[in-house]
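Visitor: Could you walk me through this structure, feature by feature? I would like the general idea each time, and then the case at hand.

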Amino acid sequence: MASIFSRIVAGEIPCYKVAEDANNFAFLDINPVAKGHVLVIPKHEVDYLFDLSDEEYASLTLFAKRVAAALKKAIPCVKVGEAVLGLEVPHAHIHLIPINKESDMNFFKEKLQLPAEEMMQIAESIAANFQ
Ligand code: 5GP
């Protein structure tokens with residue numbers, strides 16, 4: 001069965017899309033730890049990030065770099081933090097999170113619940129800055 005992220009890429013499940021290229025896709029995390037929390041995934045469904053081929057891994061990393069640049073413009077922050085966990089959804093993904101202090105990357109704190117309108121605005125703002 002396709003992963004929930006493959007179903008998002010296929011358009012079967014809605015998401016707040018941020019960017020896409022031939023091999024990769026980026027969208028807002030539905031339970032953000034900070035405003036602008038983005039997930040970057042390869043379209044090819046592989047569970048473990050380090051099982052991607054060298055080409056897929058390089059493509060994903062370079063795509064994430066472009067998304068991070070757009071994210072930093074859309075959500076001014078000291079840096080964009082990057083994390084890989086992957087214990088919940090078995091489809092490789094990189095978390096990109098705007099951070100101003102270390103605790104902004106804390107995955108254990110209560111997640112934000114942002115109105116749909118705000119999620120849409122955040123996604124549109126990142127998309128508008130994506131190059
Ligand atoms: P991880 O596998 O890295 O531990 O966490 C998976 C992440 O995917 C979580 O931050 C969770 O909020 C996010 N997530 C899980 N299901 C969905 C979904 O259906 N849509 C979106 N946008 N994010 C999801």
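Visitor: Which residue is the bridge partner of leucine 39 in β5?

Guide: Strands of a sheet pair through backbone hydrogen bonds, in a parallel or an antiparallel way. In this predicted model, leucine 39 has histidine 95 of β5 as its bridge partner. Histidine 95 is also the bridge partner of alanine 83.

Visitor: How many bridges join β3 to β5, and do they run parallel or antiparallel?

Guide: β3 and β5 run antiparallel and are joined by three bridges. Between β4 and β5 (residues 94-99) the pairing is antiparallel too, over five bridges. There, lysine 79 has isoleucine 99 as its bridge partner in β5.

Visitor: Let me step back to the whole sheet. In what order do the five strands come?

Guide: The order is β1-β2-β3-β5-β4, in an open sheet with antiparallel pairing. On average, neighbouring strands are turned by 20 degrees against each other, if direction is ignored.

Visitor: What joins β1 to β2?

Guide: A hairpin does, through three residues. The two strands run antiparallel, with three bridges between them. Glutamate 20 faces phenylalanine 25 of β2 across this pairing.

Visitor: And which strands does α2 lie across?

Guide: α2 lies across β1, β2 (24-28), β3, β4 and β5, and runs at about 160 degrees to β3.

Visitor: Back to β5. Which way do the side chains of β5 point?

Guide: The general idea is that side chains in a regular strand alternate between the two faces of the sheet. In β5, Ile94, Leu96 and Pro98 point one way, while His95, Ile97 and Ile99 point the other way.

Visitor: Are those residues buried or exposed?

Guide: All of them are buried. Because six of the six residues of β5 are buried, the strand is largely enclosed by the rest of the structure. The cut-off behind that reasoning is a relative accessible area under 20%.

Visitor: Now for charges. How many salt bridges does a search of the whole structure find?

Guide: Side chains of opposite charge can pair when their charged atoms come close. Here the search finds five salt bridges.

Visitor: Which residues are linked in a network of salt bridges?

Guide: Lys17, Glu20 and Lys43 are. Glutamate 20 meets lysine 17 through their side chains, at 2.5 Å from N to O. Glutamate 20 also forms a salt bridge with lysine 43, at 2.7 Å from N to O. Since glutamate 20 lies in strand β1 and lysine 43 in the loop between β3 and α2, this pair ties together parts that are 23 residues apart in sequence.

Visitor: With which residue does lysine 35 form a salt bridge?

Guide: Its partner is glutamate 118, and the closest N and O atoms are 2.7 Å apart. The pair links distant parts of the chain, with lysine 35 in the loop between β2 and β3 and glutamate 118 in helix α3, 83 residues apart. Lysine 35 is partly exposed, at a relative accessible area of 40%. Glutamate 118 is partly exposed as well, at 22%.

Visitor: Where is glutamine 113 found, and is glutamine 113 buried or exposed?

Guide: Glutamine 113 is in the loop between β5 and α3 (116-129). With 74% relative accessibility, glutamine 113 counts as exposed. The C-alpha atoms of glutamine 113 and serine 125 are 18 Å apart, and the two residues are twelve residues apart along the chain.

Definitions and conventions
Residues numbered from 1 in each chain as written. Predicted model: local features only at pLDDT ≥ 70, side-chain atom pairs only at ≥ 80, totals over all residues. Heavy atoms only, no water. Pairing = 2+ DSSP bridges. Helix = DSSP H or I, 4+ residues; strand = E, 2+ residues; numbered from the N terminus. Axes fitted to C-alpha atoms, helices over the stretch in contact; angles between N-to-C directions. Contact = heavy atoms within 4.5 Å. Buried < 20%, exposed > 50% of the residue type's maximum accessible area, 1.4 Å probe, protein only. Salt bridge = Lys/Arg side-chain N within 4 Å of Asp/Glu carboxyl O.
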